[in-house]
Structures are given as structure tokens and as C-alpha cells.
Amino acid sequence: MSIPCYHCRLPVEKAGSFTAKVAGENHEFCCFGCQTVCETIHNAGLQSFYLKTPEGEHLAPPPSLSAELASYDLDEVQSDYVDKLDDIRSIHLLVEGIHCAACVWLIEHSLAKQQGVISAEVNLTSKRLRLKWDNRLTTLSTLLQALGRIGYAAIPFDPDTAEGALARRHQSLLYRMAFAGFAMMNMLWISIALYSGADQGEFKNWFHWISFLIATPTLLYAGYPFLRNALLGLRRRYLTMDLPIAIGAVTTYGYSTYVTITGSTVGHVYFDTVVNFLFVILVGRYLEAISKREALSATSRLLELQPKLATIMIDGLAKVVPIRTVKIGDLVLVKPGEKIPVDGVLTDGQSAVDESMLTGESLPVVKKNKDQVVAGSINCEGAFTVKVQQVLRNTALAKIVSLMEDAQASKAPIQSTADKIVPWFVVVTLTLAAATFIYWYQFDFEQALLAATSVLIITCPCAFGMATPMSVAVATGVAAHHGILIKQGAALEYLSKVTHFIFDKTGTLTEGKLRVVTVESFSDLSEDTLLMLAGSVEQHSEHGIARAILAESVSRDLTLSPITDFSSSAGQGVEASLNQQHVLLGTQSWLAEFGFVFTDIVLNRVDSLEHQGISCVFMATEGQIVGLIGVADRLRPDAISMINDLQQQGIAITVLSGDKQAVVRAITAELGDIQRQAEVLPKDKADVVRALQKQGVIVAMVGDGVNDAPALIQADVGIALASGTDVSIESADIVLSHNELRKVTEARHLASRTLSTIRQNIVLSISYNIIMVPLAMMGLVNPLIAAVTMPISSLLVIGNAARIKRLFKG
Amino acid sequence: MDVIYGLLPGMLLLGIIGVAVFFWAVRSGQYDDMDGAANRILMDEPPEREQANDTDTDK
């Protein structure tokens with residue numbers, strides 16, 4: 001049993017690595033970050049944070065702070081986020097690492113202790129901080145650093161550009177719902193009076209007119225979205241759920257108004273039905289909007305956390321500026337580990353660049369002077385400068401984005417099950433109403449009008465209109481708690497019908513990170529010694545292979561030795577001296593240049609390893625090749641079980657990758673019998689999906705890279721991983737926020753459960769109609785019956801939808 | 001019963017005031033964070049007193 005870290009409660013890997021005296025006692029920490037955070041919290045006198053944190057809650061280990069914090073103090077950078085560049089400024093920050101109310105308390109209190117902070121308010125739901133500070137007394141970067149010291153990373157963002165339109169739509173929906181609620185409550189009192197006999201007495205007309213007064217603004221204001229969408233739909237010859245809703249509400253209202261004005265003695269007023277109906281439907285829509293908004297804001301957080309800055313060189317001096325101000329011809333400095341912000345030619349320095357997000361290739365590509373680099377790829381090694389050739393809309397990245405937009409435009413909107421039934425529903429309802437009218441017209445016009453309208457009123461698609469939104473809202477909420485963010489409710493319905501899954505390889509099926517898979521010695525040195533030497537030589541390197549070797553030597557508990565005379569040649573290899581030994585570590589061709597001889601045994605071994613998709617680096621010391629280290633991008637731990645699950649359900653699976661044949665073959669061999677296509681270009685990925693769809697197959701695409709984005713959109717259901725690129729997250733319908741592949745099968749379970757619930761709900765509401773419509777046609781329905789039966793049908797539908805929550809329980 | 005001619009408009013007026021207050025509440029951002037406020041009120045104990053409790057509750 002390992003001890004939990006005193007700060008984050010995760011198990012400590014190696015006891016004694018990080019101990020500190022906090023509050024008079026020695027405590028164990030899992031990493032230096034946790035230790036510093038805990039010390040800072042105690043020094044600030046805020047240690048009751050740990051008491052406030054709920055039992056069993058794991059804090060995330062503190063994030064690493066971006067080195068560019070200071071650039072957020074520049075006015076030109078801040079002007080994007082701050083309202084006014086005055087002395088007193090306020091800004092919205094996205095905060096990474098908030099889990100519970102205790103975090104809110106800690107952030108607000110520790111910021112309040114900072115000089116110059118005027119107010120700090122954390123929004124727990126959206127994990128945001130609104131900070132107001134005095135720019136004369138402190139700087140934004142000081143405050144961001146203070147947040148970093150207690151374990152939270154924060155990034156400025158502009159809520160208006162991020163989700164302004166959505167937030168406004170959301171607010172107007174809330175207003176309309178509130179208004180309908182107010183109208184409904186007042187209307188109920190009047191209705192009760194009417195039901196209990198007031199419709200016979202002297203106040204009848206007075207009550208009717210008051211009802212009319214309440215119902216009119218409700219229909220016009222609260223019902224506006226339905227009326228508008230129904231009209232828009234009719235004009236485009238496209239029937240949506242809004243049409244039957246609008247027909248129901250308008251006829252009911254129209255008939256009641258007719259009765260009120262003529263003072264008819266036969267007819268009844270149904271104003272309460274109109275208002276109730278609008279309120280209930282709006283509640284359903286609002287709940288759906290909330291769950292959708294949560295999913296969207298979670299994904300927009302993933303996007304916003306990426307800084308949008310670039311370092312440009314002016315007369316040899318580095319200056320950090322927002323990306324949009326970078327011009328063609330500027331020199332941009334790219335430090336190791338940074339994402340390249342522009343397209344251009346490398347002018348100074350050399351490095352290896354990870355282009356996997358664009359091409360799917362898992363190994364970094366060497367870039368030397370005059371080589372092209374592409375925006376969105378990651379610099380793995382040395383710093384270099386790039387002469388800008390293209391910015392923003394014109395980069396290769398942006399071109400993929402435009403491919404994506406094309407795919408979006410060409411794809412027909414997904415129709416939900418309810419939408420498919422709507423035309424039939426409308427036709428049947430109108431026919432029945434017409435038939436009723438014609439039948440009764442032979443006896444009496446007034447009676448005919450009453451019966452025909454009551455058919456329309458009773459078929460009022462209340463339950464029907466809620467069938468889909470309620471189920472989707474519940475499912476989306478449940479899913480979000482399990483790390484599945486559903487951006488498109490209709491995609492959920494489709495997911496259960498998918499018969500072909502397409503997976504991207506690098507970063508999706510695999511971790512997208514290189515790991516040491518084998519260490520082989522060709523001399524008397526032991527494997528551990530080889531790894532120790534390699535680890536020592538690579539200890540200052542940022543390269544993916546170097547990190548893999550370092551991680552492996554740490555996990556094997558090896559002590560690294562100090563090195564001297566370190567030098568590296570990008571993408572080729574590194575050399576250094578340690579313990580009077582000169583060690584070289586690099587590729588076959590690089591070592592061959594130094595005159596090292598590779599024996600046939602070694603070469604055969606390399607061949608067989610490369611056949612398994614493993615890349616080799618060789619170590620040479622004292623004139624001979626002493627060993628090799630094989631690195632590969634490994635499958636995610638849950639990949640195999642997920643693929644098996646899907647196959648057992650009879651789903652076809654294809655792996656689609658931009659990587660080399662051999663690597664893809666090696667990976668798919670581990671997964672069993674599945675189809676594969678390697679060396680696929682981004683635009684061809686979407687074509688593969690399209691070709692399958694032409695055969696009538698419903699396709700889901702799972703991917704993470706920029707190159708997957710067009711395919712994610714083209715597919716009936718696009719699923720992205722949260723660790724993926726902005727573009728892929730934006731183009732997907734579903735995002736897996738913990739990068740766990742088994743969530744794919746969980747999402748599928750949830751989807752089929754949701755679909756069956758939607759179907760049950762539709763059956764429920766149709767059976768309600770089958771019972772009530774004959775009564776209405778016989779002219780037996782009065783306002784009281786309508787007022788009682790309609791809410792019951794809605795409640796049944798809501799209750800049934802709520803049962804989806806039980807799927808993940810127990 | 002003539003009082004009903006006055007009561008109904010009165011009821012509507014009160015209702016409209018209620019709606020106006022709700023609109024104001026939404027506009028001033030009171031519905032933006034549904035989870036934070038509920039918890040925040042439980043958090044605000046004076047830190048000095050807690051420090052005294054700290055030693056015996058802390059495991």
C-alpha cells in the first residue's frame with residue numbers, strides 16, 4: 001500500500017522523494033509541485049482548505065505554468081480581454097483545476113490577500129474567475145502566478161466571442177420560460193374559478209377577457225420561437241416539431257378568442273391549455289439547452305486553454321504579441337515544446353518537429369534551414385526562428401479547416417426520430433380535424449367548430465414535443481458526469497445505429513507518446529546500464545524519444561550521471577561524455593557517418609523490430625555499437641478491450657492513419673482482425689467516410705488530429721478526444737473528456753438506451769392521442785378534461801426520460 | 001363579489017412585478033452559477049478559529 005500525497009491524495013510513487021514539514025509534521029508528497037502548493041497554502045494561513053475539501057475528492061496535481069505569463073501584462077495583449085485599459089481593470093479567466101467549492105474558497109481568499117485585487121469571484125459551474133484589479137498596484141501576471149502557486153492555471157478569455165450568441169439565446173429562453181410560468185400560475189386561479197362554476201355566472205365574460213389578456217402576450221412572446229420556426233420551416237418545406245406545436249397553440253388560442261368575443265354559450269375557452277402547454281414545452285427546451293450548454297462550455301474550455309500568442313524577433317529582441325498581429329515576413333521564435341503558430345520557412349536553428357496532428361505520423365520530422373514548417377505542429381527539440389509565409393486564414397491548418405467547413409455544408413442535417421414522424425403526425429391530425437368538422441357540420445356549425453378544434457387541442461403535441469428533448473437532456477447530463485460531452489443531441493440517436501466505426505491511429509488508438517518498449521544489449525553491458533547511459537546523455541533533451549528514455553530510466557529507479565561536452569544534431573542523435581566515456585546515441589545513418597559498423601545480427605534484429613512498428617535508436621561507445629533502444633507509440637490500455645466489445649456487437653472497424661504502412665500494420669495486428677488504411681491524406685479521410693456512407697452504412701469516426709477533422713464532420717457521428725486539437729474538438733459531435741476509449745462503448749450503450757426511451761416516449765404520447773382523439777371527435781372533451789389529461793401525458797414522458805439516469809448506477 | 005373586478009388586475013400587477021424582478025435577477029448574473037453560491041455560504045468561517053481545530057481534526 002502506498003501513502004497518499006498530502007496535497008492531491010493520489011498515491012505517492014516513491015516514498016521519501018518529496019517530504020516537507022507542514023504544520024509541524026512531516027508529510028509525503030507525490031511531486032515537487034504538490035509540495036510547493038501545500039506549503040504556499042499553509043504559509044498563507046489558508047490550510048482549512050484541506051478540511052473543506054470533500055472526503056475522497058482527488059485534487060489534480062498542479063499544472064505547469066506557461067512561460068508566457070508576463071506577456072499578458074502587455075496592453076496590446078490585454079486589450080483583447082479587458083473592457084477598458086484603465087487603472088482598474090476586470091477580466092474573465094478560465095481556471096484549470098477547480099473541482100469543488102473548497103477550490104472556490106481557496107482561490108477567492110488567497111487572491112483577496114493579494115495587494116491590488118479589488119474583487120475575485122469564481123463561478124463554480126463554468127469554472128471561471130472574474131477578476132478585478134488595480135493595475136497601478138499589481139500586474140495580471142503576478143496574480144496569475146499567485147494562482148499558479150496554489151495549484152491553478154488560469155488563462156484570460158473573452159466570454160463574448162467564446163459563447164456570446166449562445167448565452168444570449170439561453171437567456172432569452174429563460175425569460176420566455178419565466179413569463180410563461182407567470183402566466184400559467186395566474187391563469188390557473190382563473191381556470192379553477194371557471195371550472196367550479198363561474199362560467200355560468202355573471203363574471204364569466206370578465207374571467208374570459210382576463211384570460212385573453214394573459215394568454216395573448218404569452219402566445220406572442222413565450223411562443224414566439226415556435227411560431228417563427230414553424231413559419232421558417234413551412235417556407236423551406238421542412239417540417240419540424242415546432243409546426244404541430246404552433247398549430248396546436250394557435251388554433252386553441254384562436255378558438256378561445258372566438259368564443260370570448262362572440263360570447264358563445266356552447267363553446268368553452270381553452271386559454272389555460274395554451275399557456276400550460278407553452279410553459280411545459282419551454283421547460284423541456286430549457287432543460288435541453290442547459291445540458292447542451294454545459295457540454296459546449298466544457299469543450300470551449302478545452303479550446304480556450306491554448307494560448308494564442310507568438311514571439312516575434314525585432315532587431316534581435318524577442319517580443320510576445322497576439323498571433324493576429326503577426327505579419328508575413330516577420331521572424332517568429334519557436335522555443336522547444338511550443339506549438340508553431342504560423343506557416344513559414346525555418347531560417348535559423350534546427351529541430352525535430354512533431355507533425356502528427358496534421359499528418360498522423362508518430363515520429364518527429366527533422367527540420368533544417370530552409371525547410372517548411374506548418375502551423376499547429378509542435379517543436380520537440382531546439383529553438384529556431386521561422387520567417388512567416390502565411391498567417392491565420394491562409395495557413396495549411398486553416399486550409400484543413402476550410403475542408404472541414406465544406407464537409408459541414410454538404411452534409412444534410414441529422415433528423416431526430418421525432419422529426420421523422422412529424423409530417424405524418426401533422427397530416428393525420430389535420431385530416432381527423434377536418435373529418436370531424438364535416439361530420440358535425442351536418443348538424444350544427446357551432447358544434448362542428450367546437451369538435452374540430454378540440455381534436456386539434458387534444459392532439460396538442462405536448463408529450464410528443466417533449467419526447468426527444470427530455471430524453472436527450474437527461475442523457476447528456478448523465479454522459480457529462482461520465483466524461484462524455486455530447487454537443488449534438490441528435491448524434492446520440494445516430495450513435496446507436498452506427499454499424500461501422502473508423503478510428504484514427506496516432507493519439508486516438510495509441511497514446512500519441514513514444515515509450516521505450518525494448519532495450520537490447522550487443523555487448524557485456526547490462527540493459528540497465530545501457531538505459532542509464534542513454535538517460536544521462538538525453539537528460540537535457542526535449543525530444544519525444546529522449547523523454548521516453550528518461551521516463552523509462554526513472555521508472556526503473558536508475559541514477560543518472562552528470563554529463564559534459566553535450567552536443568546534439570537535430571533529429572539525428574546526441575553525444576556526451578560521462579565517467580571518462582564518450583557516448584553517442586542516434587539513428588543508424590547518423591552513427592554510420594561516424595564509421596560505426598553494424599553487424600548482420602544487429603541489422604536483422606532492427607528489421608524485425610521495425611516490422612513490429614518499433615523505431616530504434618542505437619548507442620555507441622568506445623568504437624562499437626553496444627546496444628539499441630526500441631521506442632514505439634503504444635496502444636492505449638483500453639483500446640483492445642474496446643475494439644473487442646465493438647466487434648462482439650457486430651460492428652465493422654477500420655483504422656485510418658496518415659502514418660506509414662509498417663507502423664499501422666503493427667498496431668492493427670495487436671487489435672486482431674480489422675481493416676486498415678495507411679498513408680491517408682487529410683482530405684482523403686473524409687472521402688473514405690463518404691464512400692462508406694454511399695453504401696448506406698452509418699459511420700462513426702473517432703479521431704483527435706487536425707487531419708481527422710473533415711472526416712469527423714463527414715461521419716454521421718464524430719467523436720473527438722479531449723487531448724486532441726482544437727479543430728477536431730470543434731468538429732466533433734461528442735468529445736471524450738478523459739481520453740478513455742472505453743467511453744466509446746459506454747456512449748453507445750447510453751445512445752441505444754436513449755433511443756429506446758425516445759421511442760417509448762413517442763409510443764406513450766401516441767397512445768394518449770389514440771385514447772383522447774375519439775373522445776374529442778365525439779365532442780366530449782371540455783376544458784377540464786384537457787387541463788387534467790395533458791399534463792399527465794407530459795409527466796409520464798418526463799418520468800420515463802428520467803429513468804435513463806439509472807443506466808450507470810450499480 | 002364586485003371586489004373581483006379589482007382583485008384580478010391586482011393579481012396581474014403583482015405577477016408582473018414578480019416577472020420583472022426575475023428578469024432583473026437573470027440580467028445581473030444571479031443564475032450564472034447555480035452550484036457555487038449554494039456552497040460558498042458554508043465555506044466562510046473565520047480562519048483563526050479553524051486553525052485551533054485544525055490539529056485535532058487533521059489526520
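Which residue is the bridge partner of A:Ile502 in β26(A)? In this predicted model, where local features need pLDDT of at least 70 and side-chain atom pairs count only at pLDDT 80 or more, while totals for chains, interfaces and linings use all residues, the partner is A:Met701. Residues are numbered from 1 along each chain as its sequence is written, chains are lettered from A and ligands numbered from 1 in the order in which they are written, and side-chain values use heavy atoms, with hydrogens and water left out.

That pair belongs to an open sheet of seven strands in chain A, with the order β16-β28-β27-β26-β17-β24-β25 and mixed pairing. Strands here are DSSP runs of E with at least two residues, helices are runs of H or I with at least four, and both are numbered from the N terminus. Two strands pair if DSSP finds at least two bridges between them. At the edges of this sheet sit β16 (484-486) and β25 (675-677) of chain A, each pairing on one side only. From one strand to the next, the twist averages 20 degrees.

Strand β26 (residues 699-703) of chain A is largely enclosed by the rest of the structure, because five of its five residues are buried. For the record, buried means under 20% relative accessible area, exposed means over 50%, and partly exposed is in between (1.4 Å probe, protein chains only). A:Val699, A:Met701 and A:Gly703 point one way from β26(A), with A:Ala700 and A:Val702 pointing the other way. β26(A) runs parallel to β17(A), joined by four bridges, and it is also parallel to strand β27 (residues 717-721) of chain A, again through four bridges. On the β27(A) side, A:Ala700 has A:Val717 as its bridge partner.

Strand β17 (residues 500-504) of chain A also runs parallel to strand β24 (residues 652-656) of chain A, and five bridges join the two. Here A:Phe501 stands opposite A:Ile653 of β24(A). Packed on the sheet is helix α22 (residues 639-648) of chain A, which touches β17 and β24 of chain A and whose direction makes about 165 degrees with that of β17(A). Contact means heavy atoms within 4.5 Å. Axes are lines fitted to C-alpha atoms, for helices over the stretch in contact, and angles run from 0 to 180 degrees between N-to-C directions.

Chain A has another open sheet, this one of six strands in the order β8-β7-β9-β15-β10-β13 with antiparallel pairing. β8 (317-322) and β13 (372-373) of chain A are at its edges with a single partner strand each, so one side of each is left without a neighbour in the sheet. Strand β7 (residues 309-314) of chain A is antiparallel to β8(A), with six bridges between them, and A:Ile312 stands opposite A:Lys319 of β8(A). Elsewhere, strands β1 (residues 18-22) and β2 (residues 25-29) of chain A pair in the antiparallel sense over five bridges. A:Lys21 stands opposite A:Asn26 in β2(A). Their hairpin has two residues between the strands, and A:Ala23 takes a positive phi near 50 degrees there.

Now for the helix pairs. Helix α15 (residues 462-481) and helix α28 (residues 783-802) of chain A pack at about 20 degrees, with axes 9 Å apart. That makes α15(A) roughly parallel to α28(A); angles under 35 degrees count as roughly parallel, over 145 as roughly antiparallel, 65 to 115 as roughly perpendicular and the rest as oblique. Among the residues that meet are A:Met466 and A:Met470 in α15(A) and A:Met790 and A:Val797 in α28(A). Helix α18 (residues 527-537) and helix α19 (residues 544-555) of chain A pack at about 130 degrees, also with axes 9 Å apart, which means α18(A) is oblique to α19(A). Their contact includes A:Leu531 and A:Ala534 of α18(A) and A:Ile549 and A:Leu550 of α19(A).

A:His170, in helix α6 (residues 159-195) of chain A, is buried at a relative accessible area of 10%. Leaving aside neighbours within four places in sequence, A:His170 is in contact with A:Tyr286, A:Ala289, A:Ile290 and A:Arg293. A:Glu76, in helix α3 (residues 75-78) of chain A, counts as partly exposed at 34% relative accessibility.
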